Amino acid sequence: MTTSNRKAEDKESHLTPAHILVIDDEEILLKSCQRSLEPLGHTVVTTRSPEEGLKILEDQRFDLVLSDLRMPHMDGLDVLRNVKENWPDTEVIIITGHGTVNTAVSAMKTGAFDYIEKPFTPDTLNIIVERALKTRQIYIEHAQLKKEVRSFYIKNIIGKSPAMENVYKLIDSVTSTASTVLITGESGTGKELVARAIHFNSPRSDDSFMVLDCGTLSENLIESELFGHMKGSFTGATENKVGLLEAADKGTLFLDEIGNLPMQLQTKLLRVLQEKEFRPIGAKRSNKVDVRFIAATNRDLKEMVDNGEFREDLYYRLNIFPIHVPSLSERREDIPLLSYHFLGKFESELGLKVDNIDADAMNILINYDWPGNVRELENAIHRAMLLSETGIITPSQLIFLDEAVRGGIPGTAEELKEIKKRLRSRSIESVEKAFVISALERNDWNVSKAARSVGMQRTNLHALIRKYDVPMKEKDAEEQGDEA
Ligand SMILES: Nc1ncnc2c1ncn2[C@@H]1O[C@H](COP(=O)(O)OP(=O)(O)OP(=O)(O)O)[C@@H](O)[C@H]1O
Ligand SMILES: [Mg+2]
């Protein structure tokens, strides 16, 4: 058995030794608690005075406190309140005498984990203590996990440029509030990443982060996605559907590409923002919701307002806390860090083994203009890793999108056939794979569109996608869903 296995088993069979404080005015009871708990590996500190107990708590950290309910000078409920106020993750078990069970129940409402009635056997004590410690352990692991998810979202935003430091500051100052946030920036700058960082660092992080993509859905679809609908409210509404507003209750709703929201829906959204309630399509009554809104756009909303394409009142409602994400060419100093981040990412996600970028290639990366921003850099690194046969990225693998065809990646199935005739097998695979990825990229990861544009059957393109294990974006899932 390996050490880690053994550790896992240990955890199952009994808990890590805990630090336990017992407060009771009867010496006999203190001794008997010590006798039952210490052989299990726990350290047990005892005191007959609740005041003294609170002093000990100031100096040492305890996992669990057992306190008598009725004691001279101070009552167990005061001990409980004090512990819960100052050390909320220390569990408390109340020891009750005969006839005080009712008070014990109210102690549980105040936050005690459980109560134990005197006289009790060592076994009963051990069971209750073990349960309390296990609950505490789960609670701590859960809190740890939540912290990791949070730091994951902040850590995942890579960049140390002053421009990004400024974005982090803005994120920090808005997370604890429920303010509406408007994130602006060119396509691919990381607006969604910022939105997620805000949600996962906010008090709402236990509830959902939902996304409404106003960029790709039709007006009717946006409306039913957002508000939900009742069965039979229109042709095709065969079931009740829960809308995103309801799904995001107590959480966050991310309104992506808000600049594409049709006028009529702008009016409806404004009403939701003002009244904090909405009515599913076909429903008789409105529902209250508590949602934090984050909107994002790569368009100039102010200009759209001036042109009469976006409601001015909605614009002001959304633009309460603006965050602008700078384009990549305004923070070139982040390019090396981002490039190495993506090398690591594709190594761990796809097993691609390329761990270096030579100086010339890095020079090109730093000086290129990146109209598609971080997303384009991410794709360029991915493609270069696929093409590299030496474990190092050199300029010859940096074939940017608009130069793809000229740079050697075939643009059509016909060209692919020609090139394959002239290549050794190892290179055939990398060219074929680059061909598939480049076709998908040029067509927004829509397989049918990509197949059409290169003159290939959809099923054949799919076969290549599978052959090379090309990671598909959400677009394809949607597309397949539509076809099903
Ligand atoms: N600072 C960053 N660190 C790491 N990855 C990033 C960063 N910025 C963007 N990315 C990555 O680039 C891609 C695009 O980011 P995202 O979807 O957040 O951009 P966007 O601004 O919402 O783009 P669009 O306007 O096209 O929707 C994602 O894969 C994201 O993980
Ligand atoms: Mg986006």
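Me: Leaving aside its neighbours within four places in sequence, which residues is Gly 215 in contact with?
Reply: Gly 215 is in contact with Asp 256, Glu 257 and Asn 260, where contact means that the C-beta atoms of two residues, placed from the backbone, lie within 7 Å. This is a predicted model, in which local features need pLDDT of at least 70 and side-chain atom pairs count only at pLDDT 80 or more, while totals for chains, interfaces and linings use all residues. Residues are numbered from 1 along each chain as its sequence is written, with chains lettered from A and ligands numbered from 1 in the order in which they are written.

Me: How far apart are Gly 215 and Asn 260 in sequence and in space?
Reply: They are separated by 45 residues in sequence and by 5.6 Å in space, C-alpha to C-alpha. Gly 215 sits in the loop between strand E7 (209-213) and helix H9 (219-227); helices (H or I, at least four residues) and strands (E, at least two) are DSSP runs numbered from the N terminus.

Me: Why does Gly 215 count as partly exposed?
Reply: Gly 215 has 16 C-beta neighbours inside 10 Å. A residue is buried with 20 or more other C-beta atoms within 10 Å of its own, exposed with 12 or fewer, and partly exposed in between, the C-beta atoms being placed from the backbone. The count of 16 therefore makes Gly 215 partly exposed.

Me: What makes H8 largely enclosed by the rest of the structure?
Reply: Eight of the 10 residues of H8 are buried, so the helix counts as largely enclosed. Among them are Lys 191, Val 194, Arg 196 and Phe 200. In the protein chain, buried residues make up 32% of the 484 residues.

Me: Why is H3 called roughly parallel to H4?
Reply: The axes of H3 (residues 50-59) and H4 (residues 76-86) come within 10 Å and cross at roughly 10°. Angles under 35 degrees count as roughly parallel, over 145 as roughly antiparallel, 65 to 115 as roughly perpendicular and the rest as oblique, so H3 is roughly parallel to H4. Pro 50, Gly 53, Leu 54 and Leu 57 of H3 meet Val 79, Asn 82 and Val 83 of H4.

Me: Why does Asp 444 count as exposed?
Reply: Asp 444 has 12 C-beta neighbours inside 10 Å and therefore counts as exposed. Asp 444 lies in the loop between helix H18 (425-442) and helix H19 (447-454).

Conventions:
Axes are lines fitted to C-alpha atoms, for helices over the stretch in contact, and angles run from 0 to 180 degrees between N-to-C directions.
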